[in-house]
Amino acid sequence: MKIIVSIKQVPDTSGKVAVNPDGTLNRASMQTITNPDDMNALEAALKIKDETGCKVVVVTMGPPPAAGMLREALAMGADEAVLVSAREFGGSDTYATSQIIAAAINRIGVEKNDIVMCGRQAIDGDTAQVGPQIAEKLHLPQVTYAADIHKDGDTITVKRMLEDGYMTIKVKTPCLLTCIKELNEPRYMSVSGVFEAYSKPLTTFDYEALKDDPLIDKSTIGLSGSPTNILTSFTPPQKGAGMMLEGADKATCEKLAEILAKKHII
Ligand SMILES: Cc1cc2nc3c(=O)[nH]c(=O)nc-3n(C[C@H](O)[C@H](O)[C@H](O)COP(=O)(O)OP(=O)(O)OC[C@H]3O[C@@H](n4cnc5c(N)ncnc54)[C@H](O)[C@@H]3O)c2cc1C
């Protein structure tokens with residue numbers, strides 16, 4: 001049994017966010033991190049590994065420096081890593097990205113007892129489309145927004161977090177789950193893990209490695225094969241300073257209600 005975790009390197013938006021004059025993110029000048037939801041997916045996979053001894057494989061599509069993020073995942077406890085990187089893949093939108101990652105997962109191989117895990121959403125692209133699209137392309141059942149996961153043989157019980165409650169779903173492996181931050185607290189790399197990370201396999205899949213997969217077609221990958229295009233990107237104008245009302249007396253509450261009513265909020 002193995003768990004394949006799809007992780008994305010994203011700009012660290014908790015620090016200074018650098019924006020180009022055209023409104024796009026200046027990625028080159030920002031620190032990168034592993035997408036937060038993907039850390040929860042990886043932690044969930046490592047917990048199942050702790051319990052069952054299964055293998056955990058991490059995969060990312062990105063430029064060559066994304067190998068550093070894969071080494072960190074290996075230092076946390078993943079067993080193998082795959083970097084999907086090629087000029088032909090650059091500029092892919094979510095449709096093309098999921099085709100390429102699905103082809104990479106096909107190449108790694110999904111067997112009866114396997115699980116594919118993704119984060120719910122990347123903090124830069126923010127679409128939450130890639131995980132569900134990978135599942136569709138691999139013809140795997142999917143459960144999204146996983147806030148709790150229990151594995152019992154080939155059955156996974158998933159507590160899904162909805163806006164106003166929870167839903168519990170049972171799914172058979174092989175399946176794909178998308179994970180959210182409520183699922184767990186990701187572990188830190190250990191010192192021995194960091195040393196071991198450099199002797200674990202990190203393989204690169206380039207265009208040649210994936211081109212025979214039926215999902216890889218030059219007309220549906222990369223910038224030219226992407227069905228969506230970003231027409232414009234801009235930073236919204238800053239909102240004005242807020243208004244502070246102090247006090248909890250009746251008059252202040254009435255004033256607050258009057259302001260909210262005027263703005264049609266209540
Ligand atoms: C025309 C166009 C050009 C673009 N060019 C670029 C570009 O050059 N560089 C760029 O970074 N983005 C580019 N993008 C954005 C790119 O489409 C998205 O970043 C990417 O498809 C993932 O979508 P998302 O970030 O919304 O991920 P989401 O769908 O929000 O991610 C959900 C989950 O899917 C998995 N996932 C997503 N992306 C990856 C990945 N790359 N590797 C492994 N797992 C992943 C993770 O588990 C993640 O938590 C471009 C988009 C368009 C439309």
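Which residue stands opposite K159 in β9? The answer is T168, and the tour reaches that pair at its second stop.

**Before you start**

This is a predicted model, in which local features need pLDDT of at least 70 and side-chain atom pairs count only at pLDDT 80 or more, while totals for chains, interfaces and linings use all residues. Residues are numbered from 1 along each chain as its sequence is written, and side-chain values use heavy atoms, with hydrogens and water left out.

**Stop 1: the whole chain**

Show the chain as a cartoon. It has eight helices and eleven strands. Both are DSSP runs numbered from the N terminus: helices are H or I with at least four residues, and strands are E with at least two. Along the principal axes, the C-alpha atoms fill a box of roughly 70 × 45 × 40 Å.

Accessible areas come from the Shrake-Rupley method with a 1.4 Å probe; for residues, only the protein chains shown count as cover. Of the 266 residues, 41% count as buried. Buried means under 20% relative accessible area, exposed means over 50%, and partly exposed lies in between (1.4 Å probe, protein chains only).

Contacts are also worth a look here; a contact means heavy atoms within 4.5 Å. Among contacts between residues at least 6 apart in sequence, 70% join residues at least 24 apart.

**Stop 2**

Select residues 142–152, which are strand β7. Two strands pair if DSSP finds at least two bridges between them. β7 and β8 run antiparallel and are joined by six bridges.

Select K159 in β8. On one side D148 stands opposite K159, and in β9 T168 stands opposite K159. Another pair to pick out is I156 and V171, the latter in β9.

Next, look at the turns. The hairpin of β7 and β8 has two residues between the strands, and there G153 takes a positive phi near 65°. β8 and β9 form a hairpin with two residues between them.

Then move to the loop between β9 and β10 (175–179), where P174 is placed. The peptide bond joining T173 and P174 is cis, with omega about 0°.

**Stop 3: the ligand**

Zoom in on G125, D126 and T127. A ligand oxygen atom is 3.4 Å from a polar backbone atom of G125. For D126, a polar backbone atom is likewise 3.4 Å from an oxygen atom of the ligand. At T127, an N or O atom in the side chain is 2.6 Å from a ligand oxygen atom. Taken alone the ligand exposes 930 Å², of which the protein buries 84%.

Stay on D126, in the loop between β6 and α4. Its phi is positive, about 65°, although D126 is not a glycine. D126 is partly exposed, with a relative accessible area of 43%.

**Stop 4: T34**

Is T34 buried or exposed? T34 counts as buried because its relative accessibility is 12%. T34 lies in strand β3 (residues 32–34). Leaving aside neighbours within four places in sequence, T34 is in contact with I7, K8, V10, M39, M69 and E72.

**Stop 5: two exposed residues**

Select E185 in the loop between β10 and α5 (191–197). E185 is exposed, at 68% relative accessible area.

Finish with H264, in the segment after α8 (250–262). H264 has a positive phi of about 60° although it is not a glycine. With a relative accessible area of 72%, H264 is exposed.

Methods
Polar contact = N/O pair within 3.5 Å; in protein donor to acceptor, adjacent residues only side chain to side chain.
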